[in-house]
Amino acid sequence: MRIIGLTGGIATGKSTVSNLFKAYGFPVVDADIVARDVLKKGSGGWRKVVAAFGDDILLENGEVDRPKLGQIVFGDPSKRQLLNRLLAPYISYGIFWEVLKLWLKGCRVIILDVPLLYEAKMDRWTNPVIVVWVDPETQLKRLMTRDRTSAEDAQNRINAQMPLDIKRSKADIVIDNNGSLEDLNENFKKVLDQVIKPLTWTEFWVSRQGVIVAIISIFSGVLGCKKLIARL
C-alpha cells in the first residue's frame, strides 16, 4: 500500500488539492477531520483540553469554541505546544484507525492529508510527500482575504507553522499554487503520474493483497512440505 503524505501551510491551497484527489477517486484521510472528532464534547481529547484551558473555551452547548481556542494558542507558543501534546495521541490513533480501515478495504493508494506532517514526524510513514507551496506574500494575502483578518493576526498564524520553504526543501513533490485555479489543476495532473505508478514490491507486500498472497504462499508451502514428508 502506498501512503502519500500531503501537506502545506495555512491558505496555500492544500485542501483544494486534497479535494482534487477525492474527485479522482483517491481515498483521503484528513487529519483536520480526525482532530475535530477528538475534540467532540465528552471525548478524551475534549476532557484533556477543557482541564488545561478551562471552561471559558466552551460554547453554551458544551462544545469547544474552536475560533476562541485558536486565538489563544496562535498567540502563545507555549499554549500551542501544550495543545499539540494533549491531542497528538488521540489524533495519531484516529489517523491510524482510518488508514487501517482503508487497508482492510484493499485500497492500494491512500492520501494522508496532515497540515503538521513534518512537525508530527508522520512523513516517515509516507512516500512520496507532496507539499503545496506559495510564496510568503501570496500566503499572507490569501489568508487575510479568506478569514477577513488583519495582517498582524494572519502573520501570527503563519509564523505558528513550520516555514513553507523548509517544507518545500523536504518534499519529494512540490505543487506550486501561486497561480490561478486552472494553473493548479494543470500542476495537479502532472503529479498524478507519480501517484498512480505501479506499487513497488515493498508497497505491494504491505498491502492487503500482498498479505493475502503471502499467507496463501506460506499455506501452500506448508501443505507441499507435508505431502513431501508423507511420501518419504
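Leu116 is located in the loop that runs between β3 (109–113) and β4 (129–133); helices (H or I, at least four residues) and strands (E, at least two) are DSSP runs, numbered from the N terminus. The model is a predicted one, in which local features need pLDDT of at least 70 and side-chain atom pairs count only at pLDDT 80 or more, whereas totals for chains, interfaces and linings use all residues. Residues are numbered from 1 along each chain as its sequence is written, and side-chain values use heavy atoms, with hydrogens and water left out.

Leu116 is partly exposed, at a relative accessibility of 32%; here buried means under 20% relative accessible area, exposed over 50%, and partly exposed in between (1.4 Å probe, protein chains only). Apart from its neighbours within four places in sequence, Leu116 is in contact with Thr7 and Asn84, contact being heavy atoms within 4.5 Å. Ala31 is 85 residues away from Leu116 in sequence, yet the C-alpha to C-alpha distance between them is 8.9 Å.

The loop between β3 and β4 also holds Lys121 and Pro128. Most residues other than glycine have a negative phi, and most peptide bonds are trans. Lys121, which is not a glycine, has a positive phi of about 60° and is partly exposed at 48% relative accessibility. The peptide bond from Asn127 to Pro128 is cis, with omega near 0°. A positive phi, near 50°, is also found at Arg148, in the loop between α6 (136–147) and α7 (151–159). Arg148 is exposed, with a relative accessible area of 79%.

Strand β3 itself is mostly covered, with five of its five residues buried. Val109, Ile111 and Asp113 are buried on one side of the strand, and Ile110 and Leu112 on the other. Strand β1 (residues 2–7) pairs with β3 in the parallel sense over five bridges; two strands are taken to pair if DSSP finds at least two bridges between them. In this pairing, Gly5 stands opposite Leu112 of β3. Strand β2 (residues 28–30) is likewise parallel to β3, over three bridges, and Val28 has Ile111 of β3 as its bridge partner.

In helix α4 (residues 66–74), the buried residues include Leu69, Gly70 and Val73. These residues lie on the same side of α4 because they cover an arc of only 105° around the axis, the arc being that of the directions from the helix axis to the C-beta atoms. Pro67 and Gln71, on the other side of α4, are exposed. The cover over the buried residues of α4 includes α3 (44–53) and α5 (77–105).

Helix α5 also contains Trp97, which is partly exposed with a relative accessible area of 39%. Together with Tyr93 and Phe96, Trp97 makes a nonpolar surface patch of about 380 Å². Accessible areas come from the Shrake-Rupley method with a 1.4 Å probe; for residues, only the protein chains shown count as cover. Patches are made of residues with over 30% relative accessible area and no salt bridge, like charges being joined within 9 Å and nonpolar side chains (Val, Leu, Ile, Met, Phe, Trp, Tyr) within 5 Å. A salt bridge is a side-chain nitrogen of Lys or Arg within 4 Å of a carboxyl oxygen of Asp or Glu.

Over the whole protein chain, the secondary structure comes to eleven helices and five strands, and 41% of the 232 residues count as buried.
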